Amino acid sequence: LIYGDWVAALKSGYSEGIDDILDNILAGVELVDGAYNNFHPELSPDGVRVAYISNKGSTESLTGLYVDILDSTNVVTHMSDLLIEFSGSSVAYTCSFGHRIQSSVSGAIDWRPDGDAIVFSRKLQTQEGYLYSDLFEIELKSLKVNRLTEEQRAFDPAYSRDGSAIV
């Protein structure tokens, strides 16, 4: 009897509590298709592009850094068909639907204030089997990747306001 009253009170309370929500539903736009891990979306300084980490195109948790262009209706246009994927220490370029810039990206990402580069962390394993997270910066025009740290366990980078430092 007490349990039944408690359940009825919960149902009544929740029903009343969601009335405003149901009356004011806002439908969003799905930006990423074919992924179940999408993390750390960051708008570019000009608000035209969105960078994010996703396992798009992978059936596993292998994540990459993606950059998409938004238009005024929030429809996503992928930046290009170029996919950069790391295999050991070499880089292989392949076509894809999205613009996957870097494999095995983890943690927060940040746009340089001028919008021309993104700093991110990437998990790497040493020859001894230790797992490290190091910082990298990718120049978006050239797709040149600069490694900023070596076995430092650095993650979640951010640029200073003027872009002169990474913290």
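Partly exposed residues are those with a relative accessible area between the buried limit of under 20% and the exposed limit of over 50%. The model shown in the views below is predicted.

**View 1. Salt bridge between Arg112 and Glu139.** The two side chains meet at 3.0 Å, N to O. Glu139 has a relative accessible area of 22% and is therefore partly exposed, while Arg112, at 16%, counts as buried. The partners are 27 residues apart, Arg112 in the loop between β8 and β9 and Glu139 in strand β10.

**View 2. Salt bridge between Lys141 and Asp116.** The N to O distance is 3.8 Å. Lys141 lies in the loop between β10 and β11 (144-147), and Asp116 in the loop between β8 and β9, 25 residues apart. Lys141 is exposed at 72% relative accessibility; Asp116 is partly exposed at 25%.

**View 3. Salt bridge between Arg147 and Glu150.** The side chains meet at 3.6 Å, N to O. Arg147 is partly exposed, at 38% relative accessibility, as is Glu150, at 47%. The structure holds 6 salt bridges.

**View 4. The largest nonpolar core, of 14 residues.** Ala51, Leu65, Ile109, Ile118, Phe120 and Ile138 touch the most other members. Two or more residues each come from β2 (49-54), β3 (64-70), β8 (105-111), β9 (117-125) and β10 (131-139). Another core, apart from this one, has 5 residues, including Val32, Val50, Tyr52 and Tyr66.

**View 5. Nonpolar surface patch of about 520 Å².** Tyr3, Trp6, Leu10 and Tyr14 make up the patch. Trp6 is in helix α1 (residues 2-23).

Notes:
Residues are numbered from 1 along each chain as its sequence is written. This is a predicted model: local features need pLDDT of at least 70, side-chain atom pairs count only at pLDDT 80 or more; totals for chains, interfaces and linings use all residues. Side-chain values use heavy atoms; hydrogens and water are left out. Patches are made of residues with over 30% relative accessible area and no salt bridge: like charges are joined within 9 Å, nonpolar side chains (Val, Leu, Ile, Met, Phe, Trp, Tyr) within 5 Å. Accessible areas come from the Shrake-Rupley method with a 1.4 Å probe; for residues, only the protein chains shown count as cover. A salt bridge is a side-chain nitrogen of Lys or Arg within 4 Å of a carboxyl oxygen of Asp or Glu. Helices (H or I, at least four residues) and strands (E, at least two) are DSSP runs, numbered from the N terminus. A nonpolar core is a set of buried Ala, Val, Leu, Ile, Met, Phe, Trp, Tyr and Cys residues joined through side-chain atoms within 4.5 Å. Buried means under 20% relative accessible area, exposed over 50%, partly exposed in between (1.4 Å probe, protein chains only).
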